[in-house]
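Dear colleague,

Please find the structure below, together with its sequence.

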Amino acid sequence: MRFALMIEAQQGLSYAEQLAIARHAEAAGFETLFRSDHYQSFPGPEGRPTTDAWAVLAGLARETSTIGLGVLVSPVGFRTPGNLVKVVTTVDEMSGGRVEVGVGAGWHEGEHRQYGFAFPPIRDRADHLEETLEVIHGLWEEPDGWSFKGRHVTIENARSYPKPVARPGRPRPPIIVGSSGTPRSYRIAARWADEFNATSAGPEGIAAIYEGLDEACRSAGRSPRDLVHSAMIGVLIGRDAAELGERGRDLMIELGSDRDFEPWWADRRQRWITGTPDEARAAVERFAAVGVERIMLQDFIPRDLEHIDLMGEVLLRG
C-alpha cells in the first residue's frame with residue numbers, strides 16, 4: 001500500500017503550520033502531501049484564514065526535499081487552464097519534479113460566489129473540466145502550434161514553455177480526478193487521468209466505485225490497470241483507547257461541534273482508518289482487499305504533529 005497525507009488547509013492553517021506538517025510527513029515517510037484548494041474555511045468555524053494552494057506548494061517545494069506535493073483538487077473555475085498549467089509547471093520545476101495535480105469541477109458554491117468565480121450547473125462544470133484536462137494534456141504534450149476550440153476554452157497556436165520535469169515513462173506530472181462515484185467521472189478519468197481517487201465511501205462502496213470505473217476504462221479501450229486506484233479516507237488513530245479518545249475530543253473541537261465523540265466516531269468507524277494500531281492496520285487491509293492501491297489519509301487535526309508521526313510509525317513502517 002502507498003500512503004499520502006491529505007490536509008484541509010482551509011481549516012485556518014498558516015503557511016508556517018503547513019510547512020511543519022510537510023516536514024513531519026516527509027520524515028514519517030509519506031510519499032506525497034496533498035492539500036485542498038479552497039478559499040473559504042470549513043469544516044468548523046467560518047472566517048478562519050485561508051491560503052492559496054499553489055502559492056503554498058511553491059514555498060513547500062523549496063523547503064522540503066523528497067516528499068511529493070499535490071492538490072486535491074483544483075476547481076476549474078478558480079483558474080483558467082493556461083494559468084493552471086503555467087502555475088503547476090512552475091511549482092514542478094521548483095520542486096525538481098515532485099508535483100501531482102488533481103483537477104475537479106468544484107462543488108462549494110458559496111466560495112465561488114464570494115470570490116467572483118462562476119458557478120454554473122454541474123453539467124457545464126463537468127464540460128469545463130473535460131476541456132481543461134484536454135488543454136492540460138495539449139499544452140504539456142502536443143507540438144508547437146497546437147490549437148483547441150471548445151465551448152469554455154480556446155487555444156490558438158500554443159507554444160508552452162518550459163515543459164514539466166519528465167518522469168519515467170511520462171513527460172509531465174500525474175493527473176488525478178475523482179468522485180464519490182458518478183458515470184461521468186468514470187468516463188473523464190478513463191480518458192484523461194492517471195489516477196482516480198474515490199471519496200466518501202467505505203470498502204464496499206469503494207469496490208462498487210471501482211467496478212464502474214473499470215467498466216468505463218474497458219469501454220474506452222483502456223486497461224483498468226493503467227489507472228491508479230486510490231481513495232481519500234479519514235484517519236484518526238491513537239496508541240491506546242485513551243489517546244484515541246483524546247484525539248477524538250480534539251477533532252470535535254476542530255470541527256466546531258458540541259457532539260459527543262463516540263456516536264460520531266461509530267458512524268465513521270467502517271469507512272475511516274481509525275482505532276488503535278492493530279485496528280488501523282486491519283482497516284488498511286480491508287481497503288487493500290477491494291483494490292485500493294494508494295490511500296490519501298485525510299487528517300482533520302493536522303496541527304497534531306504527533307498524530308502524523310504515529311501514522312508513519314503504525315501504517316507506513318509498522
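A polar contact, as used here, is a pair of N or O atoms within 3.5 Å; within protein, one must be able to donate a hydrogen and the other to accept it, and residues adjacent in sequence count only if both atoms are side-chain atoms. This is a predicted model, in which local features need pLDDT of at least 70 and side-chain atom pairs count only at pLDDT 80 or more, while totals for chains, interfaces and linings use all residues. Residues are numbered from 1 along each chain as its sequence is written, and side-chain values use heavy atoms, with hydrogens and water left out.

Ser185 belongs to helix 6 (residues 183–192); helices (H or I, at least four residues) and strands (E, at least two) are DSSP runs, numbered from the N terminus. With a relative accessible area of 10%, Ser185 is buried, where buried means under 20% relative accessible area, exposed over 50% and partly exposed in between (1.4 Å probe, protein chains only). Leaving aside neighbours within four places in sequence, Ser185 is in contact (heavy atoms within 4.5 Å) with Ser179 and Phe196.

Turning to the interior, a nonpolar core is a set of buried Ala, Val, Leu, Ile, Met, Phe, Trp, Tyr and Cys residues joined through side-chain atoms within 4.5 Å. The largest has 76 residues, and Phe30 and Ile273 have the most contacts inside it; helix 2 (residues 53–63) gives the most to this core, with 7 residues. A second, separate core of 11 residues includes Leu244, Trp264, Phe300 and Ile301.

Leu244 is also one of the buried residues of helix 8, whose buried residues pack against strand 9 (228–237), helix 9, strand 10 (273–275) and helix 11 (305–316). Helix 8 (residues 241–254) has 14 residues and reaches 20 Å from its first C-alpha to its last, close to the 20 Å expected at 1.5 Å a residue, the expected span being 1.5 Å times one less than the number of residues. At its start, a side-chain oxygen of Asp240 reaches to within 3.2 Å of the backbone nitrogen of Ala242, and the helix is followed by Gly256, whose phi is positive, near 70°.

For the aromatic residues, rings of Phe, Tyr and Trp (its six-membered ring) pair if their centres lie within 6.5 Å, with planes under 30 degrees apart counted as stacked, over 60 as edge-to-face and the rest as tilted. The count comes to 8 aromatic pairs; among them, Phe78 and Phe117 are stacked, at 4.6 Å centre to centre and 25° between the planes.

Asn157, in strand 6 (154–158), has a positive phi of about 50° although it is not a glycine, and is partly exposed at 44% relative accessible area. Ser200 likewise has a positive phi, near 60°, and counts as exposed at 62% relative accessibility.

With best regards
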